[in-house]
Amino acid sequence: MAEEQKEAKPKKRTTATKAAASIGPLVKEFITGTLQAKAEGKQKVAYTFIVCHHEEIFRALDVVPVWTENFAGICGAKRDAERFLQRAESLGLSRSLCTYALCGIGFDQWREELGQMPPDAPWGGQVRPDFMISSGQILCDPRSKWYQASQQFMPDVPIYNIDLPYPLYQVNRDHREVLGYYHQYIVKQLRGLVAFLEEQTKKKMDYDRLRELVGLSDRTWNLIEETYDLRKAVPCPMGTGDAMNTMVPINFMMATQKAYDFFVDLKKELEEKIARGEGEVENEKYRLMWGGGLPAWYALNDFNYFNSKGASFPAETTYRMVAPLHEMDLPETKDPIEHLAWRWLGYWTFWYDRARKRPGSEPDVERLINRIEEYKIDGVVMHEAFSCRTWHVGLIWQLHQLSKIYKPIPVYVIGKDGKKEKGYRELPSLVLESDIIDITSYSEVDTRNKIDAFVETLESIRTSRAA
Amino acid sequence: MSFVLGIDIGSAQSKGVILGDQGSLGSFECASGGDFKLTAEKIREELLSQAERSVDDISRTVATGYGSKLVIFADEIKSDIVCLAKGVSSLLPSVRTAIDIGDLYTKVLRTDGHGNVHSFILSGKCAGGSGRILQVIARVLQVKVDEIGELSLKSKKRVEFNTGCAVFAETEAISRLSQEVAKEDLLAGLHRALAAQINSLAERLGVEQDVAMVGGGARDIGLIRAVKEIRGHDILVPPHPHMIAALGAALIARESLTIQD
C-alpha cells in the first residue's frame, strides 16, 4: 500500500483582510457541521460540486452539501494530500487525472476500507455521503467519473447526475437563437434533481422557501460584485491571495445568510481600508491580475512573495463565479427553478456580446481585457496546474490572443534600420506551472526565481515605457 | 576609470566578465561545483588577474544565475532573464526573441533591442528540453560535450527519439547503442527531439524575429542546426553564447554606476 506520510506544514500565509483570515475557522466549522449532521442523522448529506447553481435546491430541502473539491483543496493546503493521491495511484488511477478527484477517491477508498476516518484525517475528514450529485461536465470533465469511481467503494450510495450545458461561443451566431432550448433542458434537469432529493429526503419542496433562497443568492451576487469592485482602488485593499479565501462563501456557502453577512463585513472592511489609503502591500508598485488557473493550494504563500516585491493582485478570473445580474437582462419569472436556469445561462454567456464587438476576441479574452482596464493591471499571472484540464484548455491560447489584439504599452524599439521607433506592446505575462494539490510538481525555488524575473520585467517595462 | 563585474553562477557552469570603460577586459568560465561561494570567489580572482586589477578597483558587481544569492560580495542580484536580454541586445540589437539553453532550464524571452524584457517563459521543473540531456548523452556515448555538435553533423540516418525526457533518453540511447546505431545518428536524433521541445516552448511564448540562441547549449552546432530546421529560419548566435548572462550582468552593473553618477 502507498506510503502514508504527511509532508511538512507550510508557513502560514498572511492575509490583508480580517475577513480572509476568518475563512479557515469557517471552513473547519462547515466540515465539522457535515460530520455532525451525519452523526445526528436528521439531515441528508450529499457529495456535490461547486458552480452548478443548485445550492438553493439543496438548502431548501435541508440537504447538507459536502463539497468534495473543497475537501481535496483543504488536504492540499494542509500539505496532506500526498497519502491520498498515492492510495488512488495504488488503485491504478493515473496522477495525470484530476488530482482533486484522485485525492477524494483515495480518501473514500481508505475510509471505506477502515470503516472509519483515516488516521489524522484533515479537519475530521470527509463524511460518508447518503448520496452523490454529479454535475457540470461542460465545465469540468472528471466530475461524473469521480463519483462513479468512489461508488466502487460504497455501492449502496446512489448517484444522481444533472447536466447543465450552455451554448458555446460562436463569433457569427447570436447565442440567443438557441438559449430557449437550453433553458428548457436545464429546467428539466433541475426539476429532476428536485424529484430525486424529495425522494431521498422524504420531504416536499417548499417553493416559497426556494424562492427566498434564490433571492438571497441574487442579493449576495450583487453584493459580491459591489465588494470586489472596491478592489479597483489604488492602492488595492485586497488581493487575489485573500480572494482565494473569500471564494469560500461564493462557492461553498451561497444561499446562506452567513455568506451574505460575510460580504457585508468584507465590503465595510474594504471601504475603511480605502478611506485610510491602506493597500494590500505597503508600497504598491505593480498591479497584477490572476488571469486563470486554479491556485497551488499548498503554495498560497507565493502571493505574499509577490507582495514582498510591491506587487498587488486587484483582480482575478478564478473563482469569481458571479457577474452583475443587472447587466444580464434575465427574463422575469416567478418560478425559482426557471430563474436558476436563466441565471446559469446569463452567467456563462455574459461576455459573448462584448467579445463579438472586438475582432479576434473571445469571451475569456474579453473578460481579461475588461479586468485589465477596470483594475489598471500591469501584468497577467496564470497557473497551469498540470492535472486540471478544464483550465488548461485555452489558457495559453487566451494569452496569445490577448497579446495579438491588445497592446496597451507604448514603447520605443530599435527598428530594422537601427533607428528608434514608437510601437505598442502586449502586457507582460507569467505562467506558473505546478498543480492544485500535487506538491511533487512544485518547486518553491524555481517558482520564486520566475517571480523575481517577472517583477524585474515589470520594472523594465515601467522604465522603458514611451512617454 | 571604473571596473565592474558580472558573475553568472549556473547549476553546472559558472561564468564571469570584467568590463572597463572601453569594454571587456576578461572573461572566465569554470564548473560550478558544490560550493557556489567558493566558485564566485575563484571567478572574481581570475577576472581580476586577467585585468591586472585588485578588489578595490571594482566599482560594482552584479550576480545572476541559479547560485547568485551565494555571491556574497555582489552589490546586486538580477534575474538571468533580465541579464540575458541586456547581454544579447548589446551584441545583437535586432534580436527580438532569445532562446537560452541552460543546464537546468531552457528559457525563451522577448526583448526590444534595448535590453528590456517584455515577456518570458521557462521550461518546467523536469529537465526535459534543457541542456542537461546533452551532458547525459555525452556520458553514455563517452564523448566530450563540446564534440557532440560536430559529430552529429556527420549523421547520415538520424534516429527518431521517442522522448524528450532526460532519463528516458538515456535509457533509449543505451538500447539504441545495443542495436549498433552510429553515435552521430543517435546524436542527430537527440538534437531533433530537443529542438522540437525548444520550439514548442518558444511557440508557447510567441516568436518574433530575429531569433538568437544563447547559453551553453548554443555552443552545440548540431542543436543550432536542428532548431533552424524546425523553425525554418535563421538563428543568430553571438560569440561566446554561454557568457551572455554574465555579460548582461556586467552591463547592468555599469548602467547602475552611470545612473548613480
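Which residue of S10(A) is the bridge partner of A:His383? In this predicted model, the partner is A:Leu432.

**View 1. Overall build of chain A.** Chain A is made up of 18 helices and ten strands. With a radius of gyration of 23 Å, close to the 23 Å that the globule rule gives for 467 residues, chain A is as compact as a globular protein of that length. The C-alpha trace of chain A spans about 75 × 55 × 45 Å along its principal axes. Buried residues account for 49% of the 467 in chain A. Of the contacts in chain A between residues at least 6 apart in sequence, 77% join residues at least 24 apart.

**View 2. Strand S7 of chain A and its pairing with S5(A).** Strand S7 of chain A covers residues 379-385, and six of its seven residues are buried, so S7(A) is largely enclosed by the rest of the structure. Strand S5 of chain A, residues 286-292, runs parallel to S7(A) and is joined to it by four bridges.

**View 3. Pairing of S7(A) with S10(A).** Strand S10 of chain A, residues 429-434, pairs with S7(A) in the parallel sense over six bridges. Two bridge partners can be picked out in S10(A): A:Val431 for A:Met382, and A:Leu432 for A:His383.

**View 4. The two faces of S10(A).** In a regular strand, side chains alternate between the two faces of the sheet. Both faces of S10(A) are covered. On one side A:Ser429, A:Val431 and A:Glu433 are buried, and on the other A:Leu430, A:Leu432 and A:Ser434 are buried. Six of the six residues of S10(A) are thus counted as buried, so the strand is largely enclosed by the rest of the structure.

**View 5. The contact between chains A and B.** Chain A contributes 24 residues to the contact and chain B contributes 20. On the side of chain B that touches chain A, helix H2 (80-91) and strand S8 (117-122) of chain B each supply at least two residues. S8(B) gives the most to this side of chain B, with six residues. By type, the residues on the side of chain B that touches chain A are seven nonpolar, nine polar and four charged.

Note on methods:
Residues are numbered from 1 along each chain as its sequence is written. Chains are lettered from A and ligands numbered from 1 in the order in which they are written. This is a predicted model: local features need pLDDT of at least 70, side-chain atom pairs count only at pLDDT 80 or more; totals for chains, interfaces and linings use all residues. The radius of gyration is taken over C-alpha atoms; the globule rule is 2.2 Å times the number of residues to the power 0.38. A residue is buried if 20 or more other C-beta atoms lie within 10 Å of its own, exposed if 12 or fewer, and partly exposed in between; C-beta atoms are placed from the backbone. Two residues are in contact if their C-beta atoms, placed from the backbone, lie within 7 Å. Ala, Val, Leu, Ile, Met, Phe, Trp, Tyr, Cys and Pro count as nonpolar, Asp, Glu, Lys and Arg as charged, and the others, Gly among them, as polar. Two strands pair if DSSP finds at least two bridges between them.
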